[in-house]
Amino acid sequence: MRTVSKDRILAGVTLLPSILLVGIFVYGFIGNTFWTSLTDWGGVGALSENPEKNYIGFYNYKDLFVGFLSSGFRQDLVNAIFYSVFLLIGAIGVGLFIAILLDSKPKAEGFFRTVFLYPMSLSFIVTGTIWRWLLAPSGGVNVLPTYVGVEPLKFRWLSSTQSILQFDWQNILSFAFNIISVVFIVIGLWLLGKRSKHAVKWLLVGIVIGILVYLFGDMLPKALIMEEKHGFNLATTGIILATIWQYSGYTMALYLAGFTGISQDLRDAAMLDGASTFNYYRHIAIPLIQPITISAIIILSHISLKMFDLIFAMTGPDNGQTGHPALNMYLTTFRANDFARGAAIAMLLFFLAALFIIPYLINSYRNKDERA
């Protein structure tokens, strides 16, 4: 007991400097940012030696979501959601496909693995510069059809003003409840496929929420006093392509490592039982590497919230069609000197990241306890 006690004291003393530094320079600064977001720090005297800061509560947060002059931030928030969704679908889908191809051990496997992984080593600034040239209206991708005798493309990859999948921000509450309903139903169907006893509960809750919104959605309070349309701006397509290109190799490496860790005996047994290559990956290999998929989703979702440098390099800070809350935060804080509002945007990004990170940590600790 005495030895254990000494070891714990020594471990505590060793970790104490790191704990103090993290507590001050990470969590302390997060707390200071949150406090700043609850003030009115900004305006003409924001950069004075002793700026005036008055506590105004959650006004900055409210103004971002329902303020008359905050439609730009709301579109940036919608853009961030689409960036995240398409990055997850594209990078995970492409990375998984490449990993399956390389798992069959083709010739020059090492060469192809290096080629696909190389974009990951580039910074977002370099990637943005390359893809800005490739997607220029008069060059790069648009002129490729001319090499086969076809008219060049005229799509404006980074400057299109067209928008699809639009919805009215006035009805954001009913829209959010519809999304929740769909999520519950999808989880219920997934659990149903696993024959879980909780599947029916998830399905019923999702269906009930959907029916209630359909019947009484018009009774929900309106977020704005007038119509405000938001949707998927086609100008974000080029940025999404560049991001998928950069991170597909990363997900490929994750999946390839997972496939390599599966016993060859298991694969041989499946083939002897008559399983095709498709069925092997669908029913055996991919389910076995589910933790890797979860990790990829968490990491890519976190990356999608920090796309400031890529967007800045590809479309600049003033292209409203391709905006992102991270870019909005920078411009609000350091161009408009509205530090309180910029801090509020920063905290919203922090909370969005926590939505992905915290469930992952809980699941990791739960699995660790079960194994113990």
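1. Glu109 has a relative accessibility of 16%, so it counts as buried; Arg113, at 34%, is partly exposed. Please keep in mind that this is a predicted model. The two side chains form a salt bridge, 3.0 Å from N to O. Both residues sit in helix α4, four residues apart, which means about one helical turn separates them. Lys105 joins Glu109 and Arg113 in one network, through salt bridges that share partners.

2. The whole structure holds six salt bridges. One of them pairs Arg341 with Asp63, with the closest N and O atoms 2.6 Å apart.

3. Glu228 is in the loop between α7 and β2 while Arg74 is in helix α3, so the pair ties together parts 154 residues apart in sequence. Glu228 and Arg74 are both buried.

4. Next, the largest pocket, with a volume of about 1800 Å³. Ile179, Ile180, Val183, Leu355 and Phe356 are the closest to its centre among 41 lining residues. Which helix gives the most to the lining? That is α6, with 12 residues. The lining comprises 36 nonpolar residues, four polar and one charged.

5. Finally, a nonpolar surface patch covers about 890 Å², and Tyr27 is among its residues. Tyr27 lies in helix α1 and is exposed, at 58% relative accessible area.

Key:
Residues numbered from 1 in each chain as written. Predicted model: local features only at pLDDT ≥ 70, side-chain atom pairs only at ≥ 80, totals over all residues. Heavy atoms only, no water. 1 Å grid on protein atoms, 1.4 Å probe; cavity = no way out; pocket = protein on both sides within 12 Å on 5 of 7 lines; lining within 4 Å. Points joined across faces, edges and corners; volume = space filled by probe spheres on them. Helix = DSSP H or I, 4+ residues; strand = E, 2+ residues; numbered from the N terminus. Nonpolar A, V, L, I, M, F, W, Y, C, P; charged D, E, K, R; others polar. Patch = residues over 30% accessible without salt bridge, like charges linked within 9 Å, V, L, I, M, F, W, Y side chains within 5 Å. Areas by Shrake-Rupley, 256 points an atom, 1.4 Å probe, with all protein chains shown as cover. Salt bridge = Lys/Arg side-chain N within 4 Å of Asp/Glu carboxyl O. Buried < 20%, exposed > 50% of the residue type's maximum accessible area, 1.4 Å probe, protein only.
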